[in-house]
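Reader: I am new to this structure and would like to learn how to read it. Could we take the features in turn?

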Amino acid sequence: MMKDLSTTRRVSVIFASVFFIFFLVSAILTDLDIFHSFMDSSPPSFLRLGLNSTIGAPHRKLLLTREATIEEPTRIWGEKCTKSDIVINQGPTAPLPTGIPTYTVEVVNACVTGCDIYGIHFKCGWFSSAHLINPRVFKRLHYDDCLVNDGKPLVYGGTLSFQYANTYPYPLSVSSVVCKLK
């Protein structure tokens, strides 16, 4: 009886050890993405997570945006600012009591030359909101043309925000700006 119990224990310990090693190896292989490394030349997941200091995002995002790509400014020599200097961050917030989803939009002047930008127009489609927005902050003028800050300057580093309510988020992008020379 004693020999059977010790054999059973030994088999259980071996079985548990093999099981543990199997899960450990599979977790390491999955994390290092070894299975797909022959098909894909991208770095392993631990490098993509930013543990390597040379890989990083060029811009800090405060809210999620719908755009997957980052538009880098293309400056012509002597230009003070471009529409790429206006950064739009948009993300969901708590819904209205009626259940209509709401979204917060942040408009940031990220001009690298320290300029004030005015006459900011967005491409906004048929933008509408179930929640009233101050028209001095954001208003639709025509189809696909919305005016920010009543056309007044958004100072360097300045942020303007507003909330709107609709069943889905509107894709907002900058269509034109005017640079204020200092």
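Reader: How many strands form the open sheet, and in what order?

Author: Keep in mind that this is a predicted model. In general, the strands of a sheet pair through backbone hydrogen bonds, either parallel or antiparallel. Here 3 strands make up an open sheet, ordered S1-S2-S6, and their pairing is antiparallel. The edges are taken by strand S1 (86-93) and strand S6 (159-165); each has a single partner strand, so one side of each has no neighbour in the sheet. On average, neighbouring strands of this sheet are turned by 20 degrees against each other, direction ignored.

Reader: Over how many bridges do S1 and S2 pair?

Author: S1 pairs with strand S2 (residues 102-109) in the antiparallel sense over 8 bridges.

Reader: Which residues touch the most other members of the largest nonpolar core?

Author: The general idea is that in soluble globular proteins, nonpolar side chains tend to be buried together. In this model the largest nonpolar core has 25 residues, and Phe122, Phe127, Phe138, Phe162 and Leu172 touch the most other members. Two or more residues of this core come from each of S1, S2, strand S3 (116-123), strand S5 (145-148) and S6.

Reader: What does phenylalanine 127 touch?

Author: Leaving out residues up to four places away in sequence, phenylalanine 127 has contacts with Ile133, Phe138, Arg140, Cys146, Phe162, Tyr164, Tyr170 and Leu172.

Reader: How many disulfides does a search of the whole structure find?

Author: The search finds 2 disulfides. With the bonded cysteines numbered in sequence order, the pairing reads 1-2, 3-4.

Reader: Which cysteine does a disulfide join to cysteine 124?

Author: Cysteine 124 is joined to cysteine 146, S to S 2.0 Å. Cysteine 124 sits in the loop between S3 and strand S4 (138-142), and cysteine 146 in strand S5, so the pair ties together parts that are 22 residues apart in sequence. The torsion about the S-S bond of cysteine 124 and cysteine 146 is about 90 degrees, which makes the disulfide right-handed.

Reader: Is cysteine 146 buried or exposed?

Author: Cysteine 146 counts as buried because its relative accessibility is 0%. Cysteine 124 is also buried, with a relative accessible area of 2%.

Reader: What about cysteine 179: is it buried or partly exposed?

Author: Cysteine 179 has a relative accessible area of 22% and is partly exposed, since buried means under 20%. Cysteine 81, at 9%, is buried.

Notes: Residues are numbered from 1 along each chain as its sequence is written. This is a predicted model: local features need pLDDT of at least 70, side-chain atom pairs count only at pLDDT 80 or more; totals for chains, interfaces and linings use all residues. Side-chain values use heavy atoms; hydrogens and water are left out. Two strands pair if DSSP finds at least two bridges between them. Helices (H or I, at least four residues) and strands (E, at least two) are DSSP runs, numbered from the N terminus. Axes are lines fitted to C-alpha atoms, for helices over the stretch in contact, and angles run from 0 to 180 degrees between N-to-C directions. A nonpolar core is a set of buried Ala, Val, Leu, Ile, Met, Phe, Trp, Tyr and Cys residues joined through side-chain atoms within 4.5 Å. Buried means under 20% relative accessible area, exposed over 50%, partly exposed in between (1.4 Å probe, protein chains only). Contact means heavy atoms within 4.5 Å. A disulfide is a pair of cysteine sulfur atoms within 2.5 Å.
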